[in-house]
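Open the model in your viewer and keep the selection tool at hand. The tour below goes from one selection to the next.

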Amino acid sequence: MNGPELLRIVDAMHREKNIPKEVIFGGIESALQLAAQRNAGEEDDVLVHIDRMSGHIIAQKGDQLIDPELLGRIAAQSAKQVMIQKIREAESEGVYSEFQGKKGEMVTGTVQRVDAGTAIVTIGKEGKNAGSSIEALLPRSEQIPGETPHVNDRVKAVVMDVRRNGHRVKIVLSRCHPDFVRALFEQEIPEIADRTIEIKAVAREAGYRSKVAVSSIDMKVDCVGACVGVRGSRIKNVIDELNGERIDIVRWNDSMQVMIPNALQPAEISEVMLYSTLGRAVVLVAEDQLSLAIGRRGQNVRLASKLVGWDIEIMTHEELGESVEKAERWFSGLPGSSAELAELLINEGFLSYTDITFLEPAQLAAMAGCTDEEADEMILHAEEMSDKIEREGEPEFEPAPEEAVPAVEGEGAAEAATAVEGGTPVEDVEGAAEPVIVDTYTTKKPDSPGDFHSLFTSDTSGAVEQPAAGSEEPAASAEEPAGSEEPAAGPEEPPPAEPANH
């Protein structure tokens, strides 16, 4: 092989494989050097150099020149293997460098075959080696749910990962990544391509729903309207590529007080409370808006949380009140806690034992004004209670029993007795230790005629007269002096009549 022919081969490999010429020259020199060493049986004192301008090969052992054409078949085969290995390594390095910088960018390829759900896609290279192609993988997990790739289908995807696998480069594509939605918007909407409209954030659950937050640097351009297009013409192309996936386009705002309600559309929000310590936002909604704000299986609030980067918790006003009441009760039971600390924790957005476990002892100590050891004890107690509640459920709350009304003594006894419904005080009862309440219809003295004792007085036949049916039985009189154990004697029964003598 003469010099011009060698230069021509090196130049062709440089264009086709995108391999630097110096790498190719170095590979040829290494191959020839190995062949000369094996032919001579020595591993030292052999040098090979290729003139980069003329392509002339100079090989020498010490001061003696070696003709490469006389090295033999075995040496030539060894040189060939070394050259192939060097060229493959250089080619893999070029592919890795090219696609490493294309992560997140969209590529178009053709499905060559499908193996166990994984599509092997041939994608073209760019630049000097635009005529060549390389294989990439589109795993089943990175395909949109419901779609099935077929051979010779043209597919669009983004480069998700590029990694080395030995001397080969493995390129992984994705159609489920949020960057795929971003790339489709850039392709379909000119204002995004020229940076008049900027995509601030994208949250996606592939195959079901996506949320895209956009903003405009030109006040005259409506960012949401430009993305939707006339009668939805622009967004329709994106939805078709995503197999009918629902897309919500929301207006970006740097204030989370405004951005969170935008992200939760179409639900109407009553109030947003931000707690930066936990990165949490408590959103209050009306009862009829609760299910709409949460979405099906929590999808709406989950995507909104990803979009804004805050943990969003949807509550009604009643649920917030119950959570605060529960938190006050729980936090007051922490070791060394106080009502002030419980109130401080609630004001910072802590509503459960689990929230306490996210704190470091130093953070809790700074908030509570205690030592790190005491704060660590609080956190350990919170972890134990959190695990217990997770296993056994929340304990039922038992309200404190009502305090009994103390007995009133002294001058106020009569007034207190009068307050009892249906009763009147009995005054001047000799020896009574406390006021006695009797019904109004039992205030007659037992000895007075017509009292209830007359109902039980035996007649001459010894029969006891019973009260009339339906009448209430009077209560026993409380006129008896306290301390007397014997009951008051009633009227004596008359002696039985003597039989008459006949």
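This is a predicted model: local features need pLDDT of at least 70, side-chain atom pairs count only at pLDDT 80 or more; totals for chains, interfaces and linings use all residues.

Residues are numbered from 1 along each chain as its sequence is written, and side-chain values use heavy atoms, with hydrogens and water left out.

Colour by pLDDT, the predictor's confidence in each residue, from 0 to 100. The protein has a mean of 76, and 73% of its residues reach 70 or more. Select 400-405: the pLDDT there is below 50, and the stretch has zero contacts (heavy atoms within 4.5 Å) beyond near neighbours in sequence.

Next select Val282, Phe331, Leu345, Ile356 and Leu364. These have the most contacts inside the largest nonpolar core, which has 27 residues. Such a core is a set of buried (under 20% relative accessible area, 1.4 Å probe, protein chains only) Ala, Val, Leu, Ile, Met, Phe, Trp, Tyr and Cys residues joined through side-chain atoms within 4.5 Å. Helix 15 (372-392) is among the elements that give two or more residues to it; helices here are DSSP runs of H or I, at least four residues, numbered from the N terminus. The share from helix 15, five residues, is the largest.

Stay on Leu345: which residues does Leu345 touch, not counting those up to four places away in sequence? They are Phe331, Leu334, Phe350, Ile356, Leu364 and Met367.

Last, show helix 14 (361-368) with helix 15. In helix 14, Pro361, Ala362, Leu364 and Ala365 meet residues of helix 15 including Asp372 and Ile379.

Terms used:
Buried means under 20% relative accessible area, exposed over 50%, partly exposed in between (1.4 Å probe, protein chains only).
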